[in-house]
Amino acid sequence: MLIMRTIRAQKLTKTFGKVKALTDVSFEVKTGSITGFLGPNGAGKSTTMSILLGFINATSGEAHIFGRPVSINSTSIRRRIGFLANNMALDNTLTAAQEIKYFGKLADNYDETYVKELAERLSLDLTRKIGSLSTGNRQKVALITTLMHRPKLLILDEPTTGLDPIVRAEFHKIILEMQDAGTTVFISSHILSEIEELCDEFIFIKNGRIIATKTRDELTNQSQKKITIEAKYIDKFATECQRTFEDDIQLINKDGGVVTFTLTGDVQPLFKILTKYKVTNISIESASLEESFMEYYRDVGIPQTPATQTKKRKKKDAK
């Protein structure tokens, strides 16, 4: 089966003076997928997006979108892209409707009926001036300008900044509907629960280099899992697990016939071990994307979120 690629980056390197922002960045985005582009501030996400859009040229390497080199065809390619920049600049003197129409006319693709539909779904009053809008409502204007021409590729940088949970959920529905219609989505966000909910694949970038590309299944299978087993001969079971998994297993608690531990990697060997013992209960809890993210970037000093801190405190208390 032939798998089409909407984005192909090949050894992208970008230097600004003496600073190397990207080094040999290579990845592919499948047509019709929703792919998360993850990394801390300064990792190279915005620079990569700017090269993909033809806003800046790579020092070396090449990017292709829709099978065409961006360095040659950037203008014609951009007509088929919906790009949402972080903190998109808007004209405070225009109404929301006027601002959206202005962008629509620039793109030569303005469907007033579809604009009104998007505004209704995102709860935006099109008659209000941009200067009077809250951060969340300004973001809605930016989103509509990005979505209104039904692009074949969406490149989104922090798309739900300032949106309340209800509007964010509706935006997610719109994105999934567009995916069903054949649109490819390339999204960067620090709201990891959003990325986890939407994305099929994940690309991790760190210090200007791609450090991992994972499908949802790969991330789930390779991430750390918290496992609780209730069985007879639990001591023998725990000893065999330690011998089998070595450094990949860590004991959290053992109480009577119940043992709780973390396991990194493939769990299939565990099931083979379980067949030898009379198991009465088993629980397997996979790590969240946030926990996987922290594992990839634990050495760059990212502040932990309250959710991560709470989980770590619970693990400590369990010990």
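Over the ring of which residue does the charged end of Lys14 sit? The charged end of Lys14 sits over the ring of Phe16, 5.2 Å from its centre; a charge sits over a ring if NZ of Lys or CZ of Arg is within 6 Å of the ring centre and within 35 degrees of the ring normal. This is a predicted model, in which local features need pLDDT of at least 70, side-chain atom pairs count only at pLDDT 80 or more, and totals for chains, interfaces and linings use all residues. Residues are numbered from 1 along each chain as its sequence is written, and side-chain values use heavy atoms, with hydrogens and water left out.

**Overall architecture**

- The chain comprises 12 helices and 14 strands; helices (H or I, at least four residues) and strands (E, at least two) are DSSP runs, numbered from the N terminus.
- Of its 319 residues, 44% count as buried, where buried means under 20% relative accessible area, exposed over 50%, and partly exposed in between (1.4 Å probe, protein chains only).
- Among contacts between residues at least 6 apart in sequence, 68% join residues at least 24 apart; contact means heavy atoms within 4.5 Å.
- The accessible surface of the chain comes to about 16800 Å², and 49% of this belongs to carbon and sulfur atoms. Accessible areas come from the Shrake-Rupley method with a 1.4 Å probe, and for residues only the protein chains shown count as cover.

**Aromatic pairs**

- A search of the whole structure finds seven aromatic pairs. Rings of Phe, Tyr and Trp (its six-membered ring) pair if their centres lie within 6.5 Å; planes under 30 degrees apart count as stacked, over 60 as edge-to-face and the rest as tilted.
- The rings of Phe55 and Phe83 have centres 5.7 Å apart and planes at 65 degrees, so this pair is edge-to-face.
- Phe55 lies in the loop between helix H1 (45–52) and strand E4 (60–65), and Phe83 in strand E6 (residues 81–84), so the pair ties together parts that are 28 residues apart in sequence.
- Phe55 counts as partly exposed at 47% relative accessibility, and Phe83 counts as partly exposed at 26%.
- Phe237 and Phe261 form a tilted pair, because their ring centres are 6.4 Å apart and their planes are at 50 degrees.
- This pair links distant parts of the chain, with Phe237 in helix H9 (residues 234–245) and Phe261 in strand E13 (residues 258–264), 24 residues apart.
- Phe237 is buried, with a relative accessible area of 0%, and Phe261 counts as buried at 3% relative accessibility.

**The surroundings of Phe37**

- Phe27, Phe37 and Phe186 are linked into a cluster by ring pairs.
- Phe37 is placed in strand E3 (residues 34–38) and counts as buried at 0% relative accessibility.
- Not counting residues up to four places away in sequence, Thr48 touches Leu22, Phe27, Phe37 and Ile205.

**Other buried positions**

- Leu124 lies in the loop between helix H4 (112–121) and helix H5 (135–147), and at 8% relative accessibility Leu124 counts as buried.
- Apart from neighbours within four places in sequence, Leu124 is in contact with Ala96, Ile100, Ala119, Asn137, Lys140, Val141 and Ile144.
- Leu124 and Gln139 are 15 residues apart along the chain, and their C-alpha atoms are separated by 9.9 Å.
- Ile195 is found in helix H7 (residues 192–198) and is buried, with a relative accessible area of 0%.
- Between the C-alpha atoms of Ile195 and Leu38, 157 residues apart along the chain, the separation is 8.9 Å.

**Surface features**

- Arg80 lies over the face of Phe66, at 3.9 Å from the ring centre.
- Phe271, Val279, Ile282 and Ile284 form a nonpolar patch on the surface, with about 280 Å² of accessible area together. Patches are made of residues with over 30% relative accessible area and no salt bridge: like charges are joined within 9 Å, and nonpolar side chains (Val, Leu, Ile, Met, Phe, Trp, Tyr) within 5 Å. A salt bridge is a side-chain nitrogen of Lys or Arg within 4 Å of a carboxyl oxygen of Asp or Glu.
- Strand E14 (residues 279–286) supplies the largest share of the nonpolar patch, three residues.
- Val279 is found in strand E14 and is partly exposed, with a relative accessible area of 32%.
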